[in-house]
Amino acid sequence: MTRKSILYLLLISLSPAALRAQEIVTGLQYNTVLSKQDVMKASKGTMANEISLPFFDDFSYNNPVPDQGKWEDKYVFVNNTYSNKQITKGVATFDILDSHGAMYDMQTPSGFAADRLTSRPVNLQYPASSNIRLSFLFEAGGLSDSPETNDSLSLQFFSPSENSWYRVWSTKGTERKGFRNVIIHINNQRYLQKGFRFRFINYASIARNIMDPSMIGNCDIWNLDYVLLDAGRSAGDTIYSDVAFTLPTRSLLRNYEAMPWKQFREAVFLEMGLAIPVTYRNNDNIVRNVTRTFQIRDVYQNAVVHSFSGGAQNTEPGSDVSYKANLIYTFNTSFADSALFMIRSSLKTDEFDPKINDTIVYYQHFGDYFAYDDGSSEGGYGLNGLGSRNAMFAHRFTSYTEDTLRAIDIIFNDSFQDANKRAFDIMVWDDSNGNPGNVIYRKEEVMVESGTSINGFYRYYFTEGIPVEGDFYIGWKQRSETFLNAGFDVNTPHKGRQFFWLNGNWNISQVEGSVMIHPVLGMPLLTGIRENVLERKSVLKIWPNPAGDYITLSIEDWPVKSSAYISVFDLAGHELIRAPFSEVFDISRLSKGMYIVITQIDGRRAGINRLIKSR
């Protein structure tokens, strides 16, 4: 899988060519995932006063912040979407966004210290002959903006007896792609003590002369992977006895990452994939035999619906394997309106092999919308420059049966000084020989809004449903030359389905990735709660019920359980409480009576239950 980096056009020139209208992709002003970390579990492990050797982290967990059992701070972003060269799944990304996902206040074109990653105290009270070495892999840029030569990534060691930090390694920015190995011998007595720490810091700079403040965004990216500190290591000890998953698993559908359940049932043979695609790597210097197993679970029914072995295969040293496990299965469930399936892929490796990176999970969602993107935004997209006042963007979708378009979900990234808070027109077109055709709906002068869901989407409702069947297009028409800064997923190529209109012509988008816009189809959307929504089996568990002032909540088999919100409604559909998910939930403010409890995870409805407040 090859993808170019995000194209960062920052208009640093005043020449006419630089000012002409064009497609622009820039970095994020705000990381929505990190902005929600206060409602997420910040660590996998337990905080320790001092860590014993070995110290190891390959960032292969699902949490967006570093494991707080190993690291003291939360500034870097743990993810598996900012690189496609990682040797195990997950990297720690250094950028110019702080621990809350916002740009650092001290940002300057001349350079500043941005993210840092600081280890918890490590016991290094060893003799100098112990051959203690720290190794790690780093990458400049990855799938995002590469740091310039005046930017850098540095490593510092802490001397407990001197209470001082010392820089021991650094590298300057470069356009070179891919990870590089570094190994450092620690034999100086100032570090060989209890309470030793180490930290990585990136020094970044924002671009000068940016003409449109809505285009200011994240830049100067570094990715860090496979940090290992241990004794008894040689200078050449950069080969890891580890077979691991690397790239994320993608949708099992042929075209979409997500689609309405009704639409899938009409197009099973067109949309159901024939394989589960996985990518893993043998990081060892010997041939390793790997057995692959796969499981599909219906999350709503809490039942395994399909499992099989992908067999065993010898994997050559240092090689990447892209494997497609033949799939003889079609998604099916007893629920009529939506479905959620968990696809778990696992590797069976040698006993000495680290197990944390031997399993990878993907959730296949069927709700009320189509999506080409994977739900994670790595950049911002827009049309900018002279002549873009009436520019239009369109994304093609296919309705496999007669249906009704009810709303459009769009991510609009936060922009510097809210520069993109402008009016635009929502547009819907029919198809004309593979291009947007006649306008079949237009909603004028709607405002760019920040997302209300956890993953950043904002839903624009239509006053009346729009009949659709076959190919149709959704998008917008600009009312100014301002860069609107829509969410952009660099990991899912749009395959010729995105178009932009400039100077009287429709053009196929030249950027690699998907603009994050979803058509919402189906029955009329409700603002209240109807009793029949309770007919679905819920994955939200509540007890006791009836309850007093507190209830205990549990959500099974959902990703990032704590990235959820709980809402309590009365029977008329009025939302009375909305708060981050908590296992113990305070309902003392409610009067005695019956209520509806709904949980949403990543903006998706996960569970619905009746609740009786007894006192």
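Good morning. I begin with strand β7, residues 152-159, which runs antiparallel to strand β10 and is joined to it by seven bridges. Within this pairing, Leu153 stands opposite Asn202 of β10. Please bear in mind throughout that this is a predicted model.

Let me stay with β10 for a moment. This strand covers residues 197-204, and seven of its eight residues are buried. Strand β5, residues 112-118, also pairs with β10, in the antiparallel sense and over five bridges. Here Thr118 has Arg199 of β10 as its bridge partner.

I turn now to strand β21. How many of its 20 residues are buried? The count is 16, so to speak of residues 392-411 is to speak of a mostly covered strand.

Finally, strand β29, residues 517-521, runs antiparallel to β21 and is joined to it by five bridges, with Ile517 in β29 as the bridge partner of Ile410.

A word on confidence. The protein chain has a mean pLDDT of 84, and 85% of its residues reach 70 or more. Over residues 1-18, however, the pLDDT is below 50, although the model gives this stretch 54 contacts beyond near neighbours in sequence. Residues 38-47 likewise stay under 50, with 32 contacts beyond four places in sequence. Thank you for your attention.

Definitions and conventions. Residues numbered from 1 in each chain as written. Predicted model: local features only at pLDDT ≥ 70, side-chain atom pairs only at ≥ 80, totals over all residues. Heavy atoms only, no water. pLDDT = per-residue confidence, 0-100. Contact = heavy atoms within 4.5 Å. Buried < 20%, exposed > 50% of the residue type's maximum accessible area, 1.4 Å probe, protein only. Helix = DSSP H or I, 4+ residues; strand = E, 2+ residues; numbered from the N terminus. Pairing = 2+ DSSP bridges.
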